[in-house]
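Hi,

Here is the structure I promised to pass on to you. Have a look at it first, and then read on for what I found in it.

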Amino acid sequence: MTSVIWITVAVLSTFTIGYMGYSRYLSQFVELDAETETPAHKYEDGQEYVPSKKPVLLGHHFSSIAGGAPIVGPITAGAVWGWVPALLWIAVGNPLMGSVHDFVALSSSLRHEGKSIGYIIGQYVGERGKDMLLWFAFLTIILVVAVFALVVAIVFDAFPQVTTASSVYIALALVFGVYLYQLNGPFIPGTVLFVAAVFGGVWLGIEFPFALFPAVGDASYPAGTLVLADAFGLGSGQWIPGSSAVAMNPNRAAWVPIIMLYAGIASALPVWTLLQPRDYLSSFLLYTGVGGALLAIIVGTVFGTSAEPLVIADSMGAFNGFWGVEGAGLAPLFPLLFITIACGTISGFHSLVSSGTTAKQLDKETDARLIGYGGMLGEGLLASVALSTLAVAGFADPAGGIGAALPNFATGGGIILTSLGLPQSFGAPFMALVLVSFLLTSTDTAVRLGRYMMEEIVGVPTGDTASGFENLSNGPRAALASLARGRYTNPLVQAIPAYLMVISGEWLTLWALFGGANQLLAALALLTATVWLANWDDSKQLVSTGVPMAIMTTITVLGLSWLAFYSNLYQNLIQGGAEGFSSIASAVVQMVLALVLIYLALSLVRIGYKNIQSARGGTSGAAVEPSDD
């Protein structure tokens with residue numbers, strides 16, 4: 001039997017080479033300078049532009065980019081096509097493509113006043129290209145909010161212990177923000193105190209779990225779980241919208257709007273109030289979960305201290321063939337594997353974080369190497385841990401989707417952590433909390449980024465903010481623009497369509513569209529970086545960004561074409577796989593959205609390619625310096 005440690009060895013080897021060698025080269029290539037004033041200092045406003053200590057910002061950045069996708073994706077792909085193809089895509093693709101993507105997105109934003117990739121490409125290809133990319137990004141954000149809110153609800157339902165622990169660490173983060181930024185408390189003692197309190201919250205969660213509504217069917221909660229609906233006489237919750245949909249139940253359906261409400265409130269608060277301190281504190285959970293699992297794999301393998309042998313389960317094939325395992329449907333490895341494992345290898349959402357919140361908080365340009373390139377390697381480690389938990393726990397039903405994938409991360413993680421002497425009854429809820437920590441931070445960061453996108457679409461001067469209630473009496477157009485860009489109203493613009501998609505129960509629709517849109521956005525972010533480099537200096541090579549851009553464009557266009565024409569047009573509409581009006585309408589919407597995404601992406605690639613040809617051919621005058629905004 002094959003030991004799980006080989007997954008860890010493969011990833012650590014390629015990641016170390018990438019960070020020690022390639023990231024150093026890239027830092028010199030884009031001419032990072034510790035003495036150059038960053039946007040955080042130039043536009044410091046205490047709200048969005050806030051110079052941050054490197055460990056604090058790394059914690060925020062890593063927490064924001066590492067959502068549920070690098071866990072669900074590797075688990076699903078490993079079960080369908082085998083653990084070897086999944087491992088290779090993570091170990092090789094991450095340092096050569098994903099980490100490059102995150103790093104250049106952050107670096108280009110630094111040189112453009114902390115603006116988003118949409119603004120940056122607009123500087124070189126015009127307003128049409130800018131608006132197309134910003135709208136593409138905004139629609140992707142809505143899909144992110146929908147997917148992550150649903151995943152958090154599923155984990156809260158499976159592990160009520162996590163709801164208590166999550167509530168505790170959010171409250172602690174609010175207090176830590178006041179302690180750190182208003183009371184100017186000492187950093188290291190405060191870190192020790194509050195991190196200890198966060199881990200104490202894990203114990204509280206195990207002792208005092210709670211759920212909103214009773215468990216349904218064969219599911220059950222841990223002994224002693226407080227069910228709030230029973231306490232307040234709210235019934236079984238079947239009246240909750242979407243409670244009977246696929247991948248839903250009353251408890252999950254009730255959590256979804258609460259999570260979206262939390263994300264909206266968190267996104268409207270100044271970054272020092274909740275976002276930075278919460279992400280910093282939760283990063284210790286994340287580092288412990290990822291690092292602890294990797295250490296446990298090594299210790300358990302070398303010393304045999306695990307409760308069960310850390311070997312790849314018989315139910316996990318090394319390679320299940322090009323079309324995957326029987327029961328998962330017709331699923332070609334190329335291109336679907338590369339869309340299924342998105343965030344563990346490369347993710348367009350990261351470009352929105354890098355060029356959205358992170359670039360506005362970077363203290364020194366040279367911090368971009370660790371935070372941008374290194375942060376993405378950290379997400380790759382999370383993906384390898386997810387694949388390892390699947391390998392240990394096994395996966396009997398690869399067609400079971402998210403409901404079968406997520407429990408495996410906590411169950412397998414609990415088994416792995418027994419190598420360090422932790423009982424599985426503690427390790428499994430702890431790993432579930434690690435997952436939720438990733439998801440919550442990514443969800444409210446996504447809502448904040450969506451507001452940034454809309455601010456750039458409707459036009460808000462750098463450093464200015466709006467509540468959303470201005471100009472309501474100045475006519476419908478002015479009122480709509482004000483509501484769309486407002487700090488307090490924009491979250492509703494995102495949450496309402498996201499909520500409607502979630503309660504429809506079309507989980508597979510959400511995941512497929514999210515994966516396709518996310519990977520296409522990565523291609524467009526790499527296109528933006530390539531255009532920037534081409535206009536900056538004729539001597540700048542375009543291979544590091546141009547080749548990954550071409551690969552990702554090809555993969556995602558083919559993947560979305562498969563989704564549009566085979567899965568929906570042929571299977572659902574022509575062969576009658578979709579039954580009933582709602583299913584047919586869903587298939588049509590999927591197909592149309594996939595084709596719209598393809599059109600937007602190819603149009604932007606064409607515009608960007610023409611700009612690169614013009615800049616390198618010398619037909620548009622002198623190259624544009626990166627600071628000429």
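Leaving out neighbours within four places in sequence, Lys54 is in contact with Asp367, Leu370 and Ile371. Please keep in mind that this is a predicted model. Lys54 belongs to helix H3, which covers residues 54-65. Another residue to look at from here is Leu362: 308 residues separate Lys54 from Leu362 in sequence, yet their C-alpha atoms are 7.6 Å apart in space. Is Lys54 buried, exposed or partly exposed? Its relative accessibility is 37%, so Lys54 counts as partly exposed, given that this class lies between the 20% and 50% cut-offs.

Next, please turn to helix H1, residues 5-29, where you will find Thr8. Thr8 has a relative accessible area of 3% and is therefore buried, as the cut-off for that is under 20%. Setting aside residues up to four places away in sequence, Thr8 touches Leu294 and Ile297.

Phe303 lies in helix H12. With a relative accessible area of 62%, Phe303 is exposed, because the cut-off for that class is over 50%. Thr8, by contrast, is buried at 3%.

Enjoy exploring, and write back whenever you like.

Best wishes

Definitions and conventions
Residues numbered from 1 in each chain as written. Predicted model: local features only at pLDDT ≥ 70, side-chain atom pairs only at ≥ 80, totals over all residues. Heavy atoms only, no water. Helix = DSSP H or I, 4+ residues; strand = E, 2+ residues; numbered from the N terminus. Buried < 20%, exposed > 50% of the residue type's maximum accessible area, 1.4 Å probe, protein only. Contact = heavy atoms within 4.5 Å.
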